[in-house]
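Please examine the sequence and the structure before reading each solution.

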Amino acid sequence: MTRTDGHLLDNRQTQAAERFSAFAALFDPTTFRHLEELGVGSGWRCWEVGAGTTVVSWLAKKVGPTGRVVATDTDTSRLASAARPPVEVRAHELGSPEPPGEGFDLVHARLALVHVTDRQQALRSMVMSLRPGGRLLVEDADPTLQPLLCPDEYGPEQQLANRLRQGFRTLLADRGTDLPCGRILPRLLREAGLTRVQADAYFPLTSPACAALESVTTRQVRDQLVGAGLATDQDIDRHLVNVTSGALDLTTAPMISAWGRKQ
């Protein structure tokens, strides 16, 4: 769901595929666990918002030939390979008041709501699309809950990493991205009329996927960091070498998962 109109990371950049792969490695196990617990199964009608191909494929196997998966994003080019029954791919803007269908058993959105200006409108649209008793699962990061890239800041490499992470957060804030997103999800789901609302968080402290995500994100925002005077090219080159070395314990913002049911 990231775009160039005010947002920092562009899905059309060559590094975007690397970012999606890192997101899948980091977050798919948590997402799939929640979807299993919500009971997704044969014949279910699902709407996957801001679709990633791994989640779409997982849902398609679960719902089977009698089910339906509507996969939406503003740019559907990377979903072309998934566009076969039971998957239907549609271009759709999450901020639109009209959902791409109704009567869904499940709506799932991961790392999508943070990029929407009117989150309450987006949630109303998702809730509107559910059948009575349908489930909504929304997952988003909360960067302000973990501002450090290296929680164990014991040397100059870690200090540099945390300084660059702060620069990245400054760029996000300058573009109007509301950073405290994940923590407010339970309240937003209740305000949208859902019941049985629960939430938890996944917070990796170190993993190869964290390093891969940091490397590709740094390369994507390199020019913006340098242009804003938040880092030098030498800083970034040194940081990328440190990341590749595997010696840094890198984390990422916690992903908060919140879910509830439509009455």
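A disulfide is a pair of cysteine sulfur atoms within 2.5 Å. The model under study is predicted.

**Exercise 1.** Determine how many disulfides a search of the whole structure finds.

*Solution.* Begin with C210, whose sulfur has its closest cysteine sulfur in C150, at 10 Å. A bond requires the sulfur atoms to be within 2.5 Å, so the distance from C210 is too far for one. The search of the whole structure returns 0 disulfides. As to burial, C210 has a relative accessible area of 2% and is buried; C46, at 0%, is buried as well.

**Exercise 2.** Identify the elements that supply at least two residues each to the largest nonpolar core.

*Solution.* This core has 23 residues, and L94, V107, L113, L123, M126, L136 and V138 have the most contacts inside it. Helix 3 gives the largest share, 4 residues. Beyond its neighbours within four places in sequence, V138 is in contact with residues including A109, L185 and I256.

**Exercise 3.** Classify the aromatic pairs F27–Y202 and F32–W58.

*Solution.* The count of aromatic pairs is 4. For F27 and Y202, the centres lie 6.1 Å apart with 90° between the planes, hence edge-to-face. This pair joins helix 1 to strand 6, 175 residues apart. F27 is buried at 3% relative accessible area, whereas Y202 is partly exposed at 28%. F32 and W58 are stacked, with 5.0 Å between centres and 5° between planes.

Technical notes
Residues numbered from 1 in each chain as written. Predicted model: local features only at pLDDT ≥ 70, side-chain atom pairs only at ≥ 80, totals over all residues. Heavy atoms only, no water. Core = buried A, V, L, I, M, F, W, Y, C linked by side-chain atoms within 4.5 Å. Buried < 20%, exposed > 50% of the residue type's maximum accessible area, 1.4 Å probe, protein only. Contact = heavy atoms within 4.5 Å. Phe/Tyr/Trp six-rings, centres within 6.5 Å; stacked < 30°, edge-to-face > 60°.
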